[in-house]
Amino acid sequence: MDVSIEAQRALIVNQQAEVGRITALFDAELDRLKRLWGGADPGSLGPLPQSALAGQAAPQPKP
């Protein structure tokens, strides 16, 4: 029973981390869009910061 509870807790922690990662990604994209909507020239902002892209290239292994 304790193993099952611990597995569920680990799953919740992983899901919360994923929500945080996705939120950061969308926040970075929203910031860029606001700057573009504010008049920044397309292509003048450069690539997305690596912190916003972290975890995108390599999918998380499934337990």
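Is L33 buried, exposed or partly exposed? Select L33 and find out. At 30% relative accessibility, L33 counts as partly exposed, because that label covers values between the 20% limit for buried and the 50% limit for exposed. Keep in mind that this is a predicted model.

**Stop 1: the whole chain.** Zoom out and show the protein chain as a cartoon. You will find 2 helices and 0 strands. The protein chain has 63 residues, and 6% of them count as buried.

**Stop 2: helix α1.** Select residues 2-37. This is helix α1, and L33 lies in it. R32 has its place in helix α1 too.

**Stop 3: a nonpolar patch.** Select L30, L33, L36 and W37. Together they make a nonpolar surface patch of about 380 Å².

**Stop 4: R32.** Select R32 and show its side chain. R32 is buried, yet it has no salt bridge. Which side chain of opposite charge is nearest to R32? That is D31, at 7.5 Å. A salt bridge needs its atoms within 4 Å.

**Stop 5: around R32.** Zoom in on G46. Its backbone oxygen lies 2.8 Å from a polar atom of the R32 side chain.

How values were computed: Residues are numbered from 1 along each chain as its sequence is written. This is a predicted model: local features need pLDDT of at least 70, side-chain atom pairs count only at pLDDT 80 or more; totals for chains, interfaces and linings use all residues. Side-chain values use heavy atoms; hydrogens and water are left out. Helices (H or I, at least four residues) and strands (E, at least two) are DSSP runs, numbered from the N terminus. Buried means under 20% relative accessible area, exposed over 50%, partly exposed in between (1.4 Å probe, protein chains only). Patches are made of residues with over 30% relative accessible area and no salt bridge: like charges are joined within 9 Å, nonpolar side chains (Val, Leu, Ile, Met, Phe, Trp, Tyr) within 5 Å. Accessible areas come from the Shrake-Rupley method with a 1.4 Å probe; for residues, only the protein chains shown count as cover. Lys and Arg count as positive and Asp and Glu as negative; His and the chain ends are not counted. A polar contact is a pair of N or O atoms within 3.5 Å; within protein, one must be able to donate a hydrogen and the other to accept it, and residues adjacent in sequence count only if both atoms are side-chain atoms.
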